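Thanks for coming. I will show one chain and talk through a few places in it.

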Amino acid sequence: MTDAITDRDDFQATSDPGLLESADRGQVELLSYADLYLLWERQHWRVQDLDFTQDRIDWHERISPEERFQRMYGLSSFFAGEQRVAAELGPVMRACPDEQMRIFLCTQIADEARHVAFFDRFYSEVGVLDSENLRDRLEETSAHLNQNFRRLFDEMLARRVDRLAREPEDLVTLVETVTLYHMVIEGMLALTGQHFIISYNESVGTLPAFVEGFGNVARDEHRHVAFGARFLREMAARDRRYRDAIQRTLVECGPAADGVLSPPWAEEGARTRSCSGRR
Ligand SMILES: [Fe+2]
Ligand SMILES: [Fe+2]
């Protein structure tokens with residue numbers, strides 16, 4: 001039996017409240033923005049170092065066409081999700097009222113770009129799809145997304161970020177955006193999906209380089225969630241309007257977030273479609 005990935009020292013280093021048992025009692029020592037920046041410097045990794053040779057064999061020879069199709073929902077949600085959050089973070093960074101916050105979010109923009117590059121390289125080296133470049137791969141993989149993904153990312157998140165781009169001094173919208181981005185999308189959806197996908201691959205012994213890279217992605221996400229937790233705690237303590245904004249956003253986005261976890265094929269019963277890809 002393998003140890004949980006979150007028991008590793010590098011995961012514990014983020015002081016992510018999601019990993020701290022004491023958080024359930026309301027007792028958490030959250031890292032400062034400066035601490036999180038220093039942690040980012042210590043936790044770099046390189047997409048180009050991953051060797052996907054065995055992953056390619058696993059994908060085409062050890063994973064059945066039906067299972068490949070079923071796995072495409074999770075992979076596509078992450079690939080497209082990373083692209084969305086990378087593209088949306090600039091206005092959020094600019095709207096933050098403190099220089100240390102902005103410096104940390106600049107590191108997060110670099111992280112999200114690396115996550116897109118990780119998925120792009122995995123798709124390309126393994127031959128997951130027929131498309132030949134990043135733009136076409138994103139478009140081809142988007143056929144596997146569901147409507148709730150589009151509502152959450154392309155409507156609820158994009159609408160708030162568009163407003164921040166126009167009015168960066170709007171702190172209520174900033175609090176709503178961080179609640180949706182760092183707590184709902186990263187804290188609830190991404191971390192849950194990452195740990196499920198990593199442990200599933202470890203239990204069946206598939207996609208070793210993907211597991212290694214996705215573990216690094218998950219470690220980055222814990223750092224991002226730790227930023228969101230600190231930011232929202234500070235803002236909630238500052239003004240009742242910000243506390244209300246957090247609650248309002250959780251209530252509004254909860255149903256769509258819950259729906260993102262359901263693959264379209266889960267409701268269609270037995271599935272006979274398959275994913276061919278390129279050898
Ligand atoms: Fe990410
Ligand atoms: Fe992230």
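Which residues does Leu 207 touch, not counting residues up to four places away in sequence? They are Asp 55, Asp 58 and Asn 201, where contact means that C-beta atoms, placed from the backbone, lie within 7 Å.

Before going on, the ground rules. This is a predicted model, in which local features need pLDDT of at least 70 and side-chain atom pairs count only at pLDDT 80 or more, while totals for chains, interfaces and linings use all residues. Residues are numbered from 1 along each chain as its sequence is written, and chains are lettered from A and ligands numbered from 1 in the order in which they are written.

Back to Leu 207. It lies in the loop between helix H8 (171-204) and helix H9 (208-238); helices here are DSSP runs of H or I with at least four residues, numbered from the N terminus. Leu 207 counts as buried because it has 27 C-beta neighbours inside 10 Å, the cut-off being 20 or more other C-beta atoms within 10 Å. Its C-alpha atom is separated by 9.9 Å from that of Phe 122, 85 residues apart along the chain. Phi of Leu 207 is near 50°, a positive value in a residue other than glycine. Most residues other than glycine have a negative phi.

Next, the core. The largest nonpolar core has 66 residues; such a core is a set of buried Ala, Val, Leu, Ile, Met, Phe, Trp, Tyr and Cys residues joined through C-beta atoms within 7 Å. H8 gives the most to this core, with twelve residues. Leu 36 and Leu 152 have the most contacts inside the core. Leaving aside neighbours within four places in sequence, Leu 152 is in contact with Leu 157, Cys 253, Ala 256, Ala 257 and Val 260.

Last, a helix pair. The axes of helix H4 (residues 65-95) and helix H5 (residues 99-126) come within 9 Å and cross at roughly 160°; axes are lines fitted to C-alpha atoms over the stretch in contact, and angles run from 0 to 180 degrees between N-to-C directions. That makes H4 roughly antiparallel to H5, the term for angles over 145 degrees.

Conventions: Helix = DSSP H or I, 4+ residues; strand = E, 2+ residues; numbered from the N terminus. Parallel < 35°, antiparallel > 145°, perpendicular 65-115°, else oblique. Buried ≥ 20, exposed ≤ 12 C-beta atoms within 10 Å, placed from the backbone. Contact = placed C-beta atoms within 7 Å.
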